Amino acid sequence: MTDKKKTGHLNRRSALTLMGAAGLIGPSMIGRDRAFAANADATGQLVLAFSQEPTVFNPLMPHIEVDEGVYYAVFDTLFDFDPDGEFFPILAAEVPTVANGGISEDGLSWTLKLKEGVTWHDGTPFTAEDVKFSLELTMDPDFRSFRSTGYKFMRNITVVSDTELTWEMSEPFAPMAAILASTYIIPKHAFEGVEDKNSAPFNNAPIGTGPFKFKNRMAGDHIELEANADYHMDGPFLKTLIIKYVPDLNVMYTQFKSGDIDVIGLQYITPDHLAEAETLAGKVVTVAGTATFESIGLNMTRPQFQDLAVRKALYAALDKTSIIDALYYGVPTPTETYMPQQSYYYNDSLPKHEFDLEKAKALLDEAGWVPGSDGIREKDGVRLEFSNSTTAGNHLREQAQQFIQQTFAEIGVKMEIKNFPPAVMWGDYWMNSEFDSVVVGLNTLAGADPDTSDYFMSTMSPTLGGAGQNTFAYQNPKVDELLVKGASSFVPEERKAIYEEMQAVIREDLPFLPVFQYAVIKGWKDDVTGPAPNVNNRIDTWNVRDWKRG
Amino acid sequence: MLRYLASRLGQSLLLLLIVSFIGFAVLNLAPGGPLSQFALSPGMTQEQIDKIASQMGLDRPLPVQYLDWFSHLVVGDWGTSYRDGQPVLHVIGSHLFATLLLMGTATVISVSLGSTIGIFSALKRGSTFDYTMTVLAMIALSIPTFWFGLIAIYVFSLSLGWLPAGNMYTVGDGSVLDYLRHLIMPAVVLALVDVAIWSRYMRTSTLNVINQDFVRTARAKGLTRRRVLLKHVVGNSLVPMITLAGLQLPMVLGGALVTETVFTWPGMGRLFLDSLGYSDYPVVMGLLMASALLVLIGNLAADLIVALIDPRIRLD
Amino acid sequence: MTAATTDPAARRPFLKSRALRRFLNHRLALIGLVMVLTLTAACFIGPHLLPYDELYIDLRARFAPPGTGAHIFGTDPLGRDIAARLFHAGQISMAVGFAVMIIATGIGSVVGVVSGYYGGKVSAVLMRIVDAFLSFPSVFLLLALAAFIQPGPVMIALIISATSWMEVARIVEAEVKSLRNQDFVQAAHMLGLSKRWIMFRELLPNAIGPIIVAATLTVARAILLEAYISFLGYGIQPPLPSWGNMLNGAQQYLASAPWLAIVPGLAITIAVTGFNFIGDGLRDAFDSRTQGH
C-alpha cells in the first residue's frame, strides 16, 4: 500500500465466503492474531484528522461514519472484514462458519467462542456476558439503538461459559455475520445500576477492549487516545493517537502539507488537489475505492420516469466521462451498478454506458416524446420536466448537477435544480420520496455482504407503505424474488450468481442512473505504516492497532 | 436603583421568553430533523428512524415538546445534546473559551485602536486625517467580514506562508506563541468592523466633551492641552462608550460566528453551524438563549457601570 | 391636509428641499451615488455587451484566469464566464437588497407608527418584540431560518427582512411618539380623521427623513447578509448566480484560482460602500444639527 498511487482494485473473492465454504481462514490470517503479544514498545504520537467531529461514543447508539473512526480504536468487534472481504477474528476465538460448527447447517443455531484473558480498559475481565449484553441492548425497546436489521431474528442468547455463547435465529439470514462484524462490544458492568441506558456516563467516557484507551476530549477540537498496554492482539504501536477535527477540507489539506497532520482521514484530500498532493515530498498519497456509488436516483412513481425509454434516454444523455474526468479529476471509477468493483459479487459483464445525445433523442422520438413549442418534449400531456435535488453546499455535486442540466436540455428535457440543506434533504423529502430525482451517494451494503433488500425490495418503499429505504420506489418482482433467495443462501457461489443476475436486471431497468463508484484520496506521512484502504469498512481506523511510526 | 433593576430584570426575562418561543418555532416547524443525518447510513430503514424518533420524544406535538423543554429550562436544565448526549450547558461551556478569547482580543484591538483614531479625528476635525479615517471607516463597514477573512488567508497563509490558515493551536504545541500565531488573523479580521464603529462613536463623543464647559474651564485655568486631554476629555468621552460596548455585543458575537467559520475556530460560532447541520435543536436553542442572555447581561451591566461612574445619571 | 401641518420643512417635497441641496453638496454621498449607479448600469447593460451567457457551461474553458480571451474576469470551475455571472448576480443581489429594503422598511414603519401612536400596552408589547429580535445576533437567527427553508431569492429576501425591520421600527416609534401630541395631530383628531389616516398620512410622512436613511443602510446590510448566507450554501442556489453564491466554493480554490474569490468580493464591497456613503450623506442632509458643518 505504499505505492504513490494505487487504485486499490483488489479483485479477490470476498465477503462471507466463510459462511459455507470450509477452511478459508488462510495462513495469512494467523499473523493478525498473535494473541497477548508484549505491547510495551508503543511509541510516538500520531495525529489523524477528520473533517467532521466524532461526538457519539456509545457505538450501539445512532451515529455517523466519522464516529466509527473512534470506535475502531477504543472498541473491538467480534470479527471483521479485511480488505479482501474475508473475515478475521478479533474478540471471537474463531469466526463461526458452517464448517467449524459455529453455524448449524440450516443457519438457525449459532455458537460463538471467545478469546480468553481479554480485559476491559478498566481491568475488568471481558466475558460472554458482555457480548450477550451488547446484543440484547441493541434489541432493547427502550434503548435508542442504531440497528434492528438482523437482530429481530435473534432468539435465546445463552451464555454457556465465560468464553462461549449460543443463540437461535428465527429464520436463516446470511447477512447476520456482516452485521455482527460492525457490532462493537461494550462492557456490561458500565451499565450496572444505570436507569436510562440512553444517558449512561459510559456514553462520554467509553471503556472498550480496543487498542487505545479514551483519554480526553476537547469538544470542537480533538480527542486524545492512549495505547492500551494490555491489548489482546498485536499492537498498538503508537503511544498516543490524536483524532483532530478540522472542519474545512482546505485547511485540512494545508495542515497535511505543512506536517501538522500525520494522516488525513475522512473526506480526505479533495480531487482538485490530487495532482499537487502526489508530488509532495515525504507523503504517501493513494486513491482508494469505497463502497459508495453516485447515482441520479429517479422517483419511479413520477409519470415521466415510468417509461423505460425515458430512463434509457436520460442515461444515454449523461456525459459521465466529462463529469468524472473534468469535475472529479478522474478520481472515481465509472460504474454500471451499486456493487463496488472490489466485491466478490460484482458483475463485470454489465453493458457499458455510452454517451450519445443522438441515440438519446432517437429513443425519445421513437417512444413518442415530441418537443413542444418551448422545445421541451412531451407525451400524452406529460412534459419531460422534473426537479433534481441534492445537499445544498456540496460543491462538486452541484457542479455536476448544473453540467447535467445543460446536456439534458440538449435533448429537450428540462431539469430544474432544487437543492436543500442536509437536514431537509435527507429527512422526509428523501425518505418519503417527495423528490422527482436526486443526486445521491449510497452505500447499500452491510459491510461486505451483498444483501440490499432495504433499498431495492418493492415492499421497502416508505412512500408505498414500506419500512425500508427503497426511496426510488422501485418495484420489480424478479428483483424481490432474487433478494429473498440471496438472503437465505449461505453458499457464496450460489449467492454470486443470484446477485449478478440482480445487477443485470437493475442495469436494464435503470431506477437510478449509475454514475461512478466513489474513490477517495488518502494521504499520510511516509514514516507512518499501517493505514490500508478497506472497501468493506467505512473508515480508515479499521486496523489502527497495526499503525506504526518510524 | 433596586426598583430600576427589578423592572429591567423583569423585562429581560420577558424578552428571553419571547426569544425562546421564536427560536423554538423556527426550528421545529421546519421540515427535516435531527434524524435525517442517519438516513444515508448503510442499513438504516424508515422503521428504525420512526422508532428512534419516538424514543427521543420527537413524535410528540410541538406545544408539548416546547412546554417540556421550557419547564426544564426554568429549573436550570437546558436539555442534552442530540449529538453527544452531553448537557447543553456543558457543550456550550466547552466552546466558550475559544469564542471569548477571540472576542476579547478583537475587542481590545478595536477599543484601543478605534478610540485613538476617534479622539484624534475629533481633535483634528476637518483635517485630511479626519476625512481619510471617515472614509476608511465606512469602507471597513462595507467589506464582508468573511470575504476579508478569505483574502487575509490568501495573502498571509497561502501566498506568504506567515500565518496558519485555521484552528486555534497546533496539536502538541499549544504554547502562548502558538496561540498568538493562530489568533492574530481572525482577531484582526473580526476587529476591523468594530474599529470603524468605535472610531466613529468616539469621535462624536469626544466632540461633545470638548465643547462642554468644564473642558473650557480647565483650559482657561491654564492646564496644558495634554493634561486636559488625558484627564478630562478621554475619561469623559469613554463613558458613553461603555453603553456602546454593551449594545455592540450582538454584533461582535455575530461577527465572531462569521469569523469562526472562515478560520475554523473551535468556538460557539463553529458549534452553532455544526449543530444546525446536525439539527441538534437543544444545542441550537441553548446557543440562541445563551447569546440573548449574554446580550441582555451586557446591556444591563453597561447601564449599571455608567450609573456608578457617572454621578449625573440616575437610574430611576 | 397640508393645512394641518405645523412643520412645513418636513412636508415640502424632497426634490425642492434644503435636504437635497445638502445631499448634493456632500462629496461622499455623490461618490456613493456614482458607485451605485455605475454598478447598476454595469449589471443591467454589461450582460448585453459580453459574448458569453452566464449559464453556459464549457468544461474546456474552466479556471481560465482573468484576461483569457474575452473572459475579462476569468472563468469559474464550470468554465462559465465570471463577468457575465457577476453582472447577473448583481441584478439578483441588488434586487434582494431592494426587496429587503421595501419589506423591512414597510414592516418597521407599520410597527413603529402603531406603537408610537397608541403608546401604552400596545407599544410595550411591540417594542419588547423589537427588543427580542434585536437581542439575537441576527446572523444566528438568519442561519437558523435559512437552514430550513427552500432557498430562493424570494425566501432569502423574506428572511433577511425578518431580521432587518427593527431599526426602522425603533426610529419611527421614537419620531411618532414625539409628534403624537403636537397641534397638527390634535387638529386632525378634531377634524374627525380616522386613526389610520392620522398614522399613515400625518405622522409617518414626518418621519420620512430618518426612514430614508435607515432604508438606504438596510440595502447595504441586506446585500452583506445575502452574501454571507449564500457563501455558507444556505442562500440562493446555483445555477442562479448571486454575489454570495459565487463566493461559495471559492475558498476551495483560493490557492489555485483566487480570482473566484476576489472578483465577487470586490463587487459586494463596492455596492455596500456605495450605499453606506449615500446613507451617510442622507443622514447629514436630514439632520438639522449637522447644519453648517
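Mentor: Start with the largest nonpolar core of this predicted model, which has 344 residues. Leu241(A), Val284(B), Phe140(C), Leu142(C), Leu143(C), Ala144(C) and Tyr228(C) have the most contacts inside it. Helix H7 of chain B, residues 176-210, gives the most to this core: 17 residues. The core draws at least three residues from each of domain 1 (3-208 + 520-549) and domain 2 (293-519) of chain A.

Now pick out one residue of that list, Leu142(C). Leaving aside residues up to four places away in sequence, Leu142(C) touches Ile159(C), Ile160(C), Thr163(C), Leu225(C) and Ile229(C).

Step back to chain C as a whole. Its secondary structure comes to 13 helices and zero strands. Its C-alpha atoms fill a box of roughly 75 × 45 × 30 Å along the principal axes. Chain C has 293 residues, and 57% of them are buried. Take the contacts in chain C with a separation of 6 or more: 71% of them join residues 24 or more positions apart.

Next, look at where chain C meets chain B. The contact takes 36 residues from chain C and 41 residues from chain B. On the chain C side, helix H5 (120-135), helix H6 (138-146), helix H11 (208-231) and helix H13 (259-286) each supply at least two residues. H13(C) gives the most to that side, with nine residues. By type, the chain C side divides into 26 nonpolar, seven polar and three charged residues.

An unreviewed UniProt entry annotates residues 12-30, 96-123, 135-159, 179-198, 233-263 and 283-309 of chain B as "transmembrane region". Two of these spans can be set against the model. Residues 96-123 of chain B are 100% helix and 0% strand, with their end C-alpha atoms 39 Å apart. Residues 135-159 of chain B are 92% helix and 0% strand, and here the end C-alpha atoms are 29 Å apart.

That leaves chain A. Its domain assignment gives domain 1 (3-208 + 520-549) and domain 2 (293-519). The C-alpha centres of domain 1 and domain 2 of chain A lie 32 Å apart.

Take H5(A), residues 249-258. Seven of its ten residues are buried, so this helix is largely enclosed by the rest of the structure. The buried ones are Asn250(A), Val251(A), Met252(A), Tyr253(A), Thr254(A), Gln255(A) and Phe256(A). Their cover includes strand E1 (45-50), strand E10 (263-269) and strand E19 of chain A. Just after H5(A), Gly259(A) takes a positive phi of about 95°.

Then take H7(A), residues 308-316. Its buried residues are Val310(A), Arg311(A), Ala313(A), Leu314(A), Tyr315(A) and Ala316(A). Arg311(A) is one of these buried residues. Strand E11 (283-298), helix H9 (357-366), helix H10 (395-410) and strand E19 (512-525) of chain A are among the elements that cover them.

Definitions and conventions:
Residues are numbered from 1 along each chain as its sequence is written. Chains are lettered from A and ligands numbered from 1 in the order in which they are written. This is a predicted model: local features need pLDDT of at least 70, side-chain atom pairs count only at pLDDT 80 or more; totals for chains, interfaces and linings use all residues. A nonpolar core is a set of buried Ala, Val, Leu, Ile, Met, Phe, Trp, Tyr and Cys residues joined through C-beta atoms within 7 Å. A residue is buried if 20 or more other C-beta atoms lie within 10 Å of its own, exposed if 12 or fewer, and partly exposed in between; C-beta atoms are placed from the backbone. Helices (H or I, at least four residues) and strands (E, at least two) are DSSP runs, numbered from the N terminus. Domain bounds come from an automatic or database domain assignment. Two residues are in contact if their C-beta atoms, placed from the backbone, lie within 7 Å. UniProt positions are given in the numbering used here, feature names are shortened, and annotations may be inferred rather than shown by experiment. Ala, Val, Leu, Ile, Met, Phe, Trp, Tyr, Cys and Pro count as nonpolar, Asp, Glu, Lys and Arg as charged, and the others, Gly among them, as polar.
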